[in-house]
Amino acid sequence: IKGKKGKKIMEIIKQAIQNKYDFFFMFDGRNCNPNGEPDAGNAPRIDPETGLCLVTDVCLKRKIRNYVALVREGVPGFKMYIQPQSGQTLNARDMESFVAATGCTTGSIAEYKKGHPEVDDVLRNFMCENYYDIRTFGGVMTKFQSANLNCGTIRGPVQISMAESVSPVELRELSITRTAVATEDEIKKKEGTFAQKPIIPYGLFVCTGSVSPTLAQKYTGFSEEDLNLLWDAIMNMFDFDKSACRAEMATRKLVIFKHDSIYGNAPSHKLYERVHVKEVNPGKPIRSFSDYEVTVNDTDLPAGVSIEVRE
């Protein structure tokens, strides 16, 4: 590929990560609601058959975004495409990005594409260069999709699974009251407001993920700096996400498997199986991280795979 397009692609490949990574991390929560289910009164998400508690990948990505937005606020290239209560719709953000990337302020995106077939690459590069979460997780830009642009959907190199608790959890419904009255009727009745607060006494969660250098090089330019920021976010995201129902949540361990090859030197599931978690006193109530024994088998690793453990 020659010309400006070829030069840009070479820049993306050069700055992008050169190794495949698999990772396994665990976090816990005490007297908390780690991820409420909106359709169930915001109660913790629990598998009714196994009793295991679930935390969605969307929830975890939100915490990673919040951490990066905080520590890289105002730094070029680290804006967030998906951000809550920003006062701007995603379609408006798409249009703003289109104008910034092309300089075109008149007509539709579809009309612009007729005379500029390279607009797909221009917009994809612009979105990836400016938005950390698109560069990392990918994204869907509906405004670009409606104009039939291939860059309307970008597949990100970092993928994270849903987290699941190691052991079944207990769902507790705590009754709470508000004595400060809010309405005239409450004054007449001389009573406050009653409500339920659903929590789990304790849960240790495990989650897996992977980082694809092929997608980073082909599409987004996800770099070593981005990767190190991701590790920092995973380790610290709960410290910047405190609330009454998540006051005692923390990342306990992050295990990183680095492959020499961009295609990987061992199956991901075989590497995840090297992390073992078991109860110290089976049958007794679990109320802290010390009630588990966690070991990581770092011996006889497959050729071309190295391991790093962060705590």
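Predicted model: local features only at pLDDT ≥ 70, side-chain atom pairs only at ≥ 80, totals over all residues.

Reader: What box do the C-alpha atoms fill along the principal axes?
Author: The box is taken along the principal axes of the protein chain. Its dimensions are roughly 70 × 65 × 35 Å.

Reader: What percentage of the 311 residues is buried?
Author: A residue counts as buried under 20% relative accessible area. Of the 311 residues in the protein chain, the buried part is 41%.

Reader: What is the accessible surface of the protein chain, and what share belongs to carbon and sulfur atoms?
Author: The accessible surface comes to about 16,300 Å². The share of carbon and sulfur atoms in that surface is 51%.

Reader: Is strand β1 largely enclosed or largely open?
Author: β1 covers residues 21–32. Ten of its twelve residues are buried, so the rest of the structure leaves β1 largely enclosed.

Reader: Which strands pair with β1, and in what sense?
Author: Eleven bridges link β1 to β10 (residues 193–211) in the antiparallel sense. Nine bridges join β1 to β11 (residues 249–259), also antiparallel. The partners are β10 and β11.

Reader: Which residues stand opposite D22?
Author: In β10, the residue opposite D22 is S210. In β11, the residue opposite D22 is F257.

Reader: Which residues have the most contacts inside the largest nonpolar core?
Author: This core has 40 residues. Elements that give it two or more residues include β1, α2, β10, α10 and β11. The largest share, seven residues, comes from α10. The residues with the most contacts inside the core are L60 and W231.

Reader: What does L60 touch?
Author: Residues up to four places away in sequence are left out. The contacts of L60 include F25, F27, V55, I160, C207 and F238.

Reader: Which residues does the second, separate core include?
Author: The second core has 18 residues. Among them are C104, Y131, I134 and C151.

Reader: Is C207 buried or exposed?
Author: C207 lies in strand β10. Its contacts include F23, F24, F25 and L60. T56 is 151 residues from C207 in sequence but 9.9 Å away, C-alpha to C-alpha. With a relative accessible area of 1%, C207 is buried.

Reader: How does the reach of α2 compare with the span expected at 1.5 Å a residue?
Author: α2 has 15 residues. The expected value is 21 Å. From first C-alpha to last, α2 reaches 21 Å.

Reader: Which residues of α2 are buried?
Author: The cut-off is under 20% relative accessible area. In α2 the buried residues are C59, L60, K61, K63, I64, R65, Y67 and V68.

Reader: What is the relative accessibility of V68?
Author: V68 lies in helix α2. Its contacts include F78, M80, Y132 and L229. N228 is 160 residues from V68 in sequence and 11 Å away, C-alpha to C-alpha. V68 counts as buried, at a relative accessibility of 0%.

Reader: Where on α3 do the buried residues sit?
Author: The buried residues of α3 are R93, D94, S97 and F98. They cover an arc of only 140 degrees around the axis, which puts them on the same side of α3.

Reader: Which helices do the buried residues of α3 pack against?
Author: α3 has 13 residues, and its end C-alpha atoms are 18 Å apart, which agrees with the 18 Å it should span. Just after α3, G103 takes a positive phi of about 80 degrees. The packing partners are α4, α5 and α7.

Reader: Does H116 count as buried, partly exposed or exposed?
Author: H116 has its place in the loop between α4 and α5. F23 is 93 residues from H116 in sequence and 41 Å away, C-alpha to C-alpha. At 30% relative accessibility, H116 counts as partly exposed.

Notes: Residues numbered from 1 in each chain as written. Heavy atoms only, no water. Buried < 20%, exposed > 50% of the residue type's maximum accessible area, 1.4 Å probe, protein only. Helix = DSSP H or I, 4+ residues; strand = E, 2+ residues; numbered from the N terminus. Pairing = 2+ DSSP bridges. Expected span 1.5 Å × (residues − 1). Arc of directions from axis to C-beta. Contact = heavy atoms within 4.5 Å. Core = buried A, V, L, I, M, F, W, Y, C linked by side-chain atoms within 4.5 Å. Areas by Shrake-Rupley, 256 points an atom, 1.4 Å probe, with all protein chains shown as cover.
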